[in-house]
Amino acid sequence: MQTIRIYYQCKAGHRLTQDYEVHPDANNKIGFDDIFRMEGEQKIRQYDEGRQGCQCGERFVKVRHLKATSNSNNRKCTASCKNAQSEECDCSCNGANHGIAHKPAQQQPQLLAEEVQG
Ligand SMILES: [Zn+2]
Ligand SMILES: [Zn+2]
């Protein structure tokens, strides 16, 4: 299964990073229904989340797909990767930590555990 990471920034400057599962159909096409994340039993489509906007009520003015490009240069993963708002990650985490500082608070403890291991 493929996942993508989306970074959002609202008009008021709030930042949000979310990961979504990508489920192409039998013809390998990806539609609005095929990119989503599960929150408990609830299926949340990326399309809806992006349109719905920020919790503060503002709409998102930046929506970016964060992705790893290459880890061939073995550049050390630093705080700037975790705080990333740009699309590309080229450090040694290979995209794993890219933009995670903007994840929702309830997802942070898990991320801290990963940090300790690394
Ligand atoms: Zn906001
Ligand atoms: Zn990194």
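Two residues count as being in contact if their C-beta atoms, placed from the backbone, lie within 7 Å. With that in hand, let us visit this predicted model view by view.

**View 1. Ile35 and its contacts.** Ile35 belongs to strand β3. Leaving aside neighbours within four places in sequence, Ile35 is in contact with Ile4, Tyr20, Val22, Ile30, Arg45 and Gln46. Is Ile35 buried or exposed? Ile35 counts as buried because 21 C-beta neighbours lie inside 10 Å, and the cut-off for buried is 20 or more.

**View 2. The whole protein chain.** Stepping back for a moment, the protein chain holds three helices and six strands. Read from the N terminus on, the elements follow the order β-β-β-β-α-β-α-β-α. Of the 118 residues in the protein chain, 17% are buried. Among contacts between residues at least 6 apart in sequence, 38% join residues at least 24 apart. How confident is the prediction, and where is confidence lowest and highest? The mean pLDDT of the protein chain is 86, with 87% of its residues at 70 or more. Confidence is lowest in α3, with a mean of 54, and highest in β4, at 96.

**View 3. The six-stranded sheet.** Here the strands come together in an open sheet of six, in the order β4-β3-β2-β1-β5-β6, and the pairing is mixed. Which strands stand at the edges? They are β4 (42-45) and β6 (88-89); each has a single partner strand, so one side of each is left without a neighbour in the sheet.

**View 4. Strand β1 between two partners.** On one side, β1 runs antiparallel to β2, and eight bridges join the pair. Gln9 has Arg15 in β2 as its bridge partner. The hairpin of β1 and β2 has four residues between the strands, and in this hairpin Gly13 takes a positive phi near 95 degrees. Strand β1 is also joined to β5, by six bridges, and these two run antiparallel as well. In that pairing, Arg5 stands opposite Leu66 in β5.

**View 5. The hairpin of β3 and β4.** Four bridges hold this antiparallel pair, β3 and β4, together. Arg37 is found opposite Ile44 in β4. Two residues lie between the strands of the hairpin, and here Gly40 has a positive phi near 65 degrees.

**View 6. Strand β5 meets β6.** How do these two strands run? Strand β5, residues 60-68, is parallel to β6, and two bridges join them. Ala68 faces Cys89 in β6 across this pairing. Another residue of strand β5 is Lys67. Lys67 counts as exposed, because 12 C-beta neighbours lie inside 10 Å and a residue with 12 or fewer is exposed. Setting aside residues within four places in sequence, the contacts of Lys67 are Glu87, Glu88 and Gly95. Lys67 and His98 are 31 residues apart along the chain, yet 7.7 Å separates their C-alpha atoms.

**View 7. The largest nonpolar core.** Eleven residues make up this core: Ile6, Tyr7, Tyr8, Tyr20, Ile35, Leu66, Cys77, Cys81, Ala84, Cys89 and Cys91. Which strand gives the most to this core? Strand β1, residues 2-10, does, with three residues. As background, nonpolar side chains tend to be buried together in soluble globular proteins.

**View 8. Two asparagines with positive phi.** Asn28 sits in the loop between β2 (15-22) and β3 (35-39). Its phi is near 65 degrees, a positive value in a residue other than glycine. Asn28 counts as exposed, because 6 C-beta neighbours lie inside 10 Å. Asn94 is placed in the loop between β6 and α3 (108-117). Asn94 also has a positive phi, of about 55 degrees, although it is not a glycine. Is Asn94 exposed or partly exposed? With 14 C-beta neighbours inside 10 Å, Asn94 counts as partly exposed.

Conventions: Residues numbered from 1 in each chain as written. Chains lettered and ligands numbered in written order. Predicted model: local features only at pLDDT ≥ 70, side-chain atom pairs only at ≥ 80, totals over all residues. Pairing = 2+ DSSP bridges. Core = buried A, V, L, I, M, F, W, Y, C linked by C-beta atoms within 7 Å. pLDDT = per-residue confidence, 0-100.
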